[in-house]
Amino acid sequence: MTTNEDNMNTEKLLAKAYEFSDVEKKWYLVWQEQKKFRATMDESRPSFSIVIPPPNVTGVLHVGHALNNTMQDILVRYKRMQGFNTLWVPGTDHAGIATQNVVERQLAAEDLTRHDVGRDKFIERVWQWKAQSGGQIINQLKRLGCSCDWDRERFTMDEGLSRAVRTVFTRLYREGLIYRGDYIINWCPRCHTALADLEVEHEPTAGKLYRIRYPFANGEGYIVVATTRPETMLGDTGVAVHPEDERYSSLPEKSVILPLVNRKIPVVFDEQVEREFGTGALKVTPAHDLNDFEMARRHDLPAIKVMDDDGHMNVEAGPYAGLDRFACRKQIVEDLRANGFLDGIEDYQHGVGHCYRCSTVVEPSLSKQWFVSVKPLAMKAINAVKNGEIKIHPKSWEATFFDWMYNIRDWCISRQIWWGHQIPAWTCEACGELTVSESEPDHCPKCKSRQLLQETDVLDTWFSSALWPFSTLGWPDKTQELKFFYPTSVLITSFDILFFWVSRMMMMGLHFMGEVPFKDVYLHALVRDSEGQKMSKSKGNVMDPLLVMDKFGTDALRFTMTAFAAQGRDIRLSEERIEGYRYFINKIWNASRFALMHISDCEPSVTSKVTAAGLGLSHRWILSRLNRTIAEVHRALHDYRFNDAASAMYQFIWHEFCDWYLELIKPELFSDAEVHKQMVKGVLFAVLESVIKLLHPVIPFVTEEIWHALPGERESIMNAPYPEQNPGWDDPEAETTAQLVMGLIGAIRNIRSEMQIHPSARIEVIVICHNQGRAALIDQHRAAIQGLTRANTLALLHEGHGPKGAASAIFEDVEICVPLEGLIDVQKELEKLAKEQAKLEKQLQQSQGKITNEKFLANAPEDVVNKEKEKVEILSATLLKIDDSKKRLRDIQ
């Protein structure tokens, strides 16, 4: 048996099923070959630009990347279709410590260390690794559909960006904003490098608070000092108390003897002492604590460093030299106890800093490092946010931003590793003169010696990343790219690098460009698992976006991410949700196939000629609803309400275009009235074309495939204009009338379903409407109502009530009745329901017995308990529905 579809011209018809894998590969290759993502620089057009948050060159795509880059791609594709000069700059970060660790592990497999091969050879190995394995994530971003201008791909250590880094460093140094000095830095004994404050992760730790007796120098008593790190007492050079602390207002002596070391140290009075901590008396260890370092400066106390870079005690630790810091702690506590200096130990919960890379406990340590004096730069960034030059979305993050920026500390930018931008500073071995220069000097400017030694430290990875918005556009040269695309339009990134990266880009952009680096900052939330738990390998709940795309298609993942990307709200992601939006993609595909069966002979120009004048209700309604949807999508994308844009599209396409409009127009599409049918086809074509364009930024692959199946020769959908509102399509009256008609159809269908009337059975419908105007509308559209409910007749009454033996429903002010005589056997239906009710009540009793059984709750896995509780909820809800159905049946007996 052949169908109408089989007899159609199938030249441009879509396949029966959407095979996303083949489609995605085909179109991405076409887009790249045809340079569809290439930036244009047309003076007559507005510009829109984004720089990608550069993923680590060591990275692989995770769900956070998928969310972040989907949002960016939506905006870029949207603006490209609006006719903007669009530029999305891609690239990767050299990721200093992370990349060095990768290559060091390779060397370790060869029984080598970086010191065995030397710095130059080691750097060569890193570049070799980068060429062979680095940048894997770039191909994964392409798999996601990212429409970056790949010809402009950058790397934070490429030649151009390296030049920008040297220029910035040199200028800041000459302006007095970069300096080198002794300072307490966060030191990782494992990575052998300094860490910026933001690179230290403070974890709540159950530790100990040790109370130590420091004898007064005159031998008359002692003062009790509290500390969590007794091993550092070996470097104490004072004890501090608050000048207003009454406990210490009349000390018998102003100096004490340092226990175990027997060194005389002073007692100083300082207002920064926290009287509430411990005993109110603090040990001052200037070389191993930032607050103590600052206090020592105020009181001219010396600094004694008692630990080396490996976390072992050094020669200044005397008999404890060579011990690991934690072994030393244990030994010192034993010695303090043995010598009568230990006053007590108590449990103490406090935050302990760990390295963000290797989780080693960080050691505050005195070291000579390079710093940026950031307070002058920070004020410019604060003012830019305050005066609205930069807007942060969601706005709630502004308070956090201001709090951090007002309390910002100088930024330690030097790292004791080999992979990275080597600091452009040279020390003369003959006279000690320091030279900072953009290019390597050939002699000392002071003594003319050629014996120059370059600083071995490299810059913090975030230093080069802070220049990303303008260095990627060719700075320090004055390029066309900077003219067209700086400041960039928006930065989309995760909230957790607001301070690491975003604030530093603000500071550097404002200082060197005199303009903000971006106008908007959109901070997205975390992607969590379906239970709201943070994804982690240890929990086994990590979702691999690459596997998800293989299973459900890229468009399904992208739409899911977009649909749940509400501002300030974490996303709960599950395969079930992605599968649900896979059904939505299929729905679009099948609706397009149906439409193409009818519009394949239409001229492409017909879509631009569609007007609402003279059209029937269903057509005026769909055009008006399309108009409203287009407006809502524009507003949502403008405000970065990605989820609202997705919701508007989903609601219109699934529940209005597919569920209602296509059903309403079927009789017209199959009618013999050729002129009218051509008009209907024109509207269908116009709506479908707009829908596909509307969806493209979110789901680019399936829309490109459908686009090329539409009538006429077509370039890429990316070259098509994004839908705009058509004032002539607005028709609130049609929307109101259609809502009434669809409400009645829905109510009648519900009666058929609830009363289990056979789908093929013809019914009689009675509609009671007291409002004359609405009754007239119902009468005008009775054919559509009858046709979509399989009603033989529709009696329209202006007063009275429905007859006995009829099922009824209410829609707004209208009562709908369906007489059931001859359609169902009420008694038989009641018996069926009673039997089903008894079965479900037994199941409910069993499940309730389990979840009230303490033994079951204690021994069953959590997911099993949750499933049983969910089963109780479902069974209870079903039984309520059965009760309602029985009541309805009894009412019509």
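**Before you go on**

What you have open is a predicted model, in which local features need pLDDT of at least 70 and side-chain atom pairs count only at pLDDT 80 or more, while totals for chains, interfaces and linings use all residues. Residues are numbered from 1 along each chain as its sequence is written, and side-chain values use heavy atoms, with hydrogens and water left out.

Now colour the chain by pLDDT, the predictor's confidence in each residue, from 0 to 100. The mean for the protein chain is 91, and 98% of its residues reach 70 or more. Select residues 4–7, helix α1, where confidence is lowest, at a mean of 39. Then jump to residues 700–707, helix α23, where the mean is highest, at 98.

**Stop 1**

Two strands pair if DSSP finds at least two bridges between them. Strands of a sheet pair through backbone hydrogen bonds, either parallel or antiparallel. Show arginine 211 and you will find glycine 344 of β13 opposite.

**Stop 2**

Select residues 263–269, which make up β11. Strand β9 (residues 238–241) pairs with β11 in the parallel sense over three bridges, and valine 241 has phenylalanine 269 as its bridge partner. Strand β10 (residues 255–258) pairs with β11 in the antiparallel sense over four bridges, with serine 255 opposite proline 266. Follow the chain from β10 to β11: the two form a hairpin with four residues between them, and leucine 260 in the turn has a positive phi of about 70 degrees.

**Stop 1: a parallel sheet**

Next, select β15, β23 and β22, an open sheet in that order with parallel pairing. The edge strands are β15 (391–393) and β22 (488–494), each pairing on one side only. Six bridges join β22 to β23 (residues 518–524), and isoleucine 492 stands opposite tyrosine 522.

**Stop 2: salt bridges**

How many salt bridges does a search of the whole structure find? The total is 51, counting each side-chain nitrogen of Lys or Arg within 4 Å of a carboxyl oxygen of Asp or Glu.

Select glutamate 43 and lysine 483, whose side chains meet at 3.0 Å, N to O. Glutamate 43 lies in the loop between α2 (20–33) and β1 (47–51) and lysine 483 in helix α15 (residues 480–485), so the pair ties together parts that are 440 residues apart in sequence. Are these two buried or exposed? Both are exposed; that label means over 50% relative accessible area, buried means under 20%, and partly exposed lies in between (1.4 Å probe, protein chains only).

Now try arginine 77 and aspartate 73, joined by a salt bridge of 2.7 Å, N to O. Both lie in helix α3 (residues 63–81), four residues apart, about one turn of the helix. Arginine 77 is buried at a relative accessible area of 0%, and aspartate 73 is buried at 0%.

Finish at helix α20 (residues 617–638), where arginine 635 and glutamate 632 lie three residues apart. Their closest N and O atoms are 3.1 Å apart in a salt bridge, and arginine 635 is partly exposed at 45% relative accessibility.
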